Amino acid sequence: MASAMTLRFSVQSSELLGKSLVKASTPKPKGTAKCSSRSQNCPRLVANAMVSAAEPATKSEGGGLRGNLKKVVLAYSGGLDTSVIVPWLRENYGCEVVCFCADVGQGVGETEGLEAKAKASGASQLFIGDLKEEFVRDYVFPCIRAGAVYERKYLLGTSMARPVIAKAMVDVAKQVGADAVSHGCTGKGNDQVRFELTFFSLDPKLQVVAPWREWDIRGREDAIEYAKKHNVPVPVTKKSIYSRDRNLWHISHEGDILEDPANEPAKDMYVLTVDPEDAPDTPEYVEIGIEKGIPVSINGQTLSPANLLAAANEIGARHGIGRIDMVENRLVGMKSRGVYETPGGTILADACRELEALVLDRETMQTKDQLALKYAELVYAGRWFDPLRDALDAFMVSVSDKVTGSVKLKCYKGSVNVASRVSPFSLYREDISSFEEGSGVYNQADAAGFIRLYGLPTRVRAMQEQGL
């Protein structure tokens with residue numbers, strides 16, 4: 001009997017670059033590369049091993065039904081689909097399957113019992129990666145700093161999570177000597193692109209297996225039948241009528257009545273936030289401290305990125321903040337309708353935006369807003385590791401150099417309104433802006449000449465049209 005090993009690791013880094021390397025207490029295979037990162041500054045990950053027995057992953061002579069792979073790292077959740085993918089990979093590619101589950105804050109208890117499930121499905125190892133701090137620090141916060149919002153509403157919750165998960169899979173693949181990676185994304189969504197572009201960017205030698213684009217399984221009943229045929233215990237869970245994705249930043253809802261844009265979401269669909277109608281009748285004020293465009297404290301308390309976001313989530317959730325309902329254009333061409341809950345993220349993003357209005361000049365802010373659209377588009381499309389996003393991020397870092405201060409927000413029944421903004425780099429001058437201007441810097445009489453010059457093109461066009 002082979003052994004299954006569950007390795008729990010946490011990420012430690014002081015950079016906002018999302019670069020890390022999986023390190024474990026098990027021996028490293030020969031030829032293992034150092035890191036998936038393009039930087040050699042890779043922080044170490046701490047791992048503790050728990051060993052138990054599992055059915056060996058056999059390899060048929062000449063490979064499987066569809067090809068021959070040595071070892072595959074699978075993005076694993078323990079649900080029906082990924083539980084079925086394990087034996088399917090072994091049968092069709094004659095390979096050993098190593099499961100990887102990322103903890104990006106999807107909820108308490110989501111990773112419990114995964115070792116037994118993976119073992120029962122035929123996996124040889126299970127890695128559980130605690131990526132919450134890395135996710136918020138290196139992916140969420142740069143997007144906040146950039147002001148990245150897709151199609152006017154979407155705060156990119158799922159889009160930001162996929163590259164950190166895929167990068168960790170590449171690190172695990174290098175550690176265990178895998179020659180392929182696999183995911184359970186369907187052929188209709190954006191996530192397949194996000195995973196695979198990250199794989200391509202960080203290790204183009206890895207082969208990618210996407211079962212939903214290959215197999216004959218077409219639905220839940222087919223998957224259950226396949227599981228029974230291969231003696232895989234079917235996860236006993238109530239099938240949700242919605243398709244959901246949750247992490248520390250947000251939760252998304254798709255499917256069922258939401259597939260008709262004419263339908264209002266059901267009140268009991270929401271998971272994170274209180275209905276604004278049922279929220280407290282008393283407003284709550286929250287103060288966000290910001291340094292160089294990055295949130296660092298909440299109500300005067302400095303916290304780690306993940307803990308800060310969690311604290312903001314608690315406040316936003318109880319006041320029904322961060323609900324959006326939108327029809328978006330998927331990368332693969334179709335429109336889809338989704339409902340998102342982003343309570344803490346809405347608070348943090350609003351705070352940073354309000355502080356920018358205080359400290360950035362007009363041209364800088366307008367240029368930043370224009371580039372933020374492209375930044376959001378790249379993140380949505382899975383191009384996190386593209387040189388263009390890196391270049392845009394460098395611009396965002398530069399223009400955010402003086403976005404430092406604090407913003408107080410008023411949270412009340414689904415709304416977030418700014419109450420105060422303070423910064424040592426504020427460009428707002430009361431002595432200039434006041435109707436009772438007395439600084440001597442601004443002379444109202446100067447406005448006449450400015451208007452004549454600024455309006456000259458308008459005046460010339462009117463003269464031409466009127467034959468003057």
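Mentor: Ring pairs join Trp-88, Tyr-93, Trp-212 and Trp-215 into a cluster. Rings of Phe, Tyr and Trp (its six-membered ring) pair if their centres lie within 6.5 Å; planes under 30 degrees apart are stacked, over 60 edge-to-face and the rest tilted. This is a predicted model, in which local features need pLDDT of at least 70 and side-chain atom pairs count only at pLDDT 80 or more, while totals for chains, interfaces and linings use all residues. Residues are numbered from 1 along each chain as its sequence is written, and side-chain values use heavy atoms, with hydrogens and water left out.

Trainee: How many aromatic pairs does the structure hold?

Mentor: There are nine aromatic pairs. In one of them, the ring centres of Tyr-139 and Trp-384 are 4.8 Å apart and the planes are at 35°, so this pair is tilted.

Trainee: Where do Tyr-139 and Trp-384 lie?

Mentor: Tyr-139 is in helix α3 (residues 132-146) and Trp-384 is in the loop between α9 (362-380) and α10 (387-399), so the pair ties together parts 245 residues apart in sequence. Helices (H or I, at least four residues) and strands (E, at least two) are DSSP runs, numbered from the N terminus.

Trainee: Are Tyr-139 and Trp-384 buried or exposed?

Mentor: Both Tyr-139 and Trp-384 are buried, where buried means under 20% relative accessible area, exposed over 50% and partly exposed in between (1.4 Å probe, protein chains only).

Trainee: Now the helices. How do the axes of α7 and α8 cross?

Mentor: The axes of α7 (residues 305-318) and α8 (residues 343-359) come within 6 Å and cross at roughly 105°. Therefore α7 is roughly perpendicular to α8. Axes are lines fitted to C-alpha atoms, for helices over the stretch in contact, with angles from 0 to 180 degrees between N-to-C directions. Angles under 35 degrees are roughly parallel, over 145 roughly antiparallel, 65 to 115 roughly perpendicular and the rest oblique.

Trainee: Which classes of residue make up that contact of α7 with α8?

Mentor: The contact has eight nonpolar, four polar and no charged residues. Ala, Val, Leu, Ile, Met, Phe, Trp, Tyr, Cys and Pro count as nonpolar, Asp, Glu, Lys and Arg as charged, and the others, Gly among them, as polar.

Trainee: And which residues does Ser-252 contact?

Mentor: Leaving aside neighbours within four places in sequence, Ser-252 is in contact with Thr-158, Ser-243, Arg-244, Asp-245, Val-339 and Tyr-340 (contact means heavy atoms within 4.5 Å). Ser-252 is in strand β9 (residues 251-254), and at 7% relative accessibility it counts as buried.
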